[in-house]
Amino acid sequence: MSYVQVEIGGKIRGLKFNKMAQLTLTEKVVPGNAMSGVYALVYAGLAANCYVKGEPEDFTFEQVCDWADELSLEDSNKIKAAFEQTEMYKQGQAYLAEVEAASKKKAAPKPLKNIKPKASK
């Protein structure tokens, strides 16, 4: 679990990236749409924090999308850094590295051995 606080929606709020955030993130992200990942990540962190602390959510997904658009670069980077500390992120990166390595092995042609040009007549 990773935690960060940022000012969002007019107040300091906590974002927790735990199993609950992982579940919410997968429900909200739209495959092939990178921006949906940003909105889903911020919403998931906020919602998971409320869930764990037993606090009611005082925001909607629509509000969080608007807030995410207004985040400073510094706060965006804090959220990103907190998420990157999670096991979910680390495992995902390891998987992508394995896929990339495997695709490079398959894509690289094998060097030809012992091939001699034919003699011309």
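Reader: Which residues gather in a patch of negative charge on the surface?
Author: Glu62, Asp66, Asp69 and Glu70 do. Before we go on, this is a predicted model, where local features need pLDDT of at least 70, side-chain atom pairs count only at pLDDT 80 or more, and totals for chains, interfaces and linings use all residues. Residues are numbered from 1 along each chain as its sequence is written, and side-chain values use heavy atoms, with hydrogens and water left out.

Reader: OK, what makes a patch here?
Author: Patch residues have over 30% relative accessible area and no salt bridge; like charges are joined within 9 Å, and nonpolar side chains (Val, Leu, Ile, Met, Phe, Trp, Tyr) within 5 Å. Asp and Glu count as negative, Lys and Arg as positive, while His and the chain ends are not counted. A charge is placed at NZ of Lys, CZ of Arg, CG of Asp or CD of Glu. Accessible areas come from the Shrake-Rupley method with a 1.4 Å probe, and for residues only the protein chains shown count as cover.

Reader: And where is Glu62?
Author: Glu62 sits in helix 3 (residues 61–70). Helices here are DSSP runs of H or I with at least four residues, strands are E runs with at least two, and both are numbered from the N terminus.

Reader: Is Glu62 buried or exposed?
Author: Exposed, because its relative accessibility is 62%. The cut-offs are under 20% for buried and over 50% for exposed, with partly exposed in between (1.4 Å probe, protein chains only).

Reader: Which residues form a nonpolar patch?
Author: Tyr95, Leu96 and Val99, with about 310 Å² of accessible area together. Tyr95 belongs to helix 5 (residues 87–107) and is exposed at 54% relative accessible area.

Reader: Zooming out, how do the elements run from the N terminus?
Author: β-β-α-α-α-α-α, so five helices and two strands. Of the 121 residues, 31% are buried.

Reader: How do the two strands pair?
Author: Strand 1 (residues 2–8) and strand 2 are antiparallel over seven bridges; pairing takes at least two DSSP bridges between them. One of the bridges joins Glu7 to Ile12 in strand 2. The strands form a hairpin with two residues between them, and Gly9 in the turn has a positive phi of about 65 degrees.

Reader: Why is strand 2 called largely enclosed?
Author: Because five of the seven residues in strand 2 (residues 11–17) are buried.

Reader: Switching to electrostatics, how many salt bridges are there in the whole structure?
Author: Six, each a side-chain nitrogen of Lys or Arg within 4 Å of a carboxyl oxygen of Asp or Glu.

Reader: What does Lys78 bridge to?
Author: Glu74, at 3.9 Å from N to O, and also Asp75, with the closest N and O atoms 3.9 Å apart. Glu74 and Lys78 are four residues apart in helix 4 (residues 73–84), about one turn of the helix. Asp75 is three residues from Lys78 in helix 4.

Reader: How exposed are those?
Author: Glu74 is exposed at 54%, Lys78 is partly exposed at 34%, and Asp75 counts as buried at 14%.

Reader: What about Glu84 and Lys80?
Author: Their side chains meet in a salt bridge at 3.6 Å, N to O. Both lie in helix 4, four residues apart. Glu84 is partly exposed at 27%, and Lys80 is partly exposed at 46%.

Reader: Which residues are joined into one network?
Author: Lys11, Arg13 and Asp58, through salt bridges that share partners.
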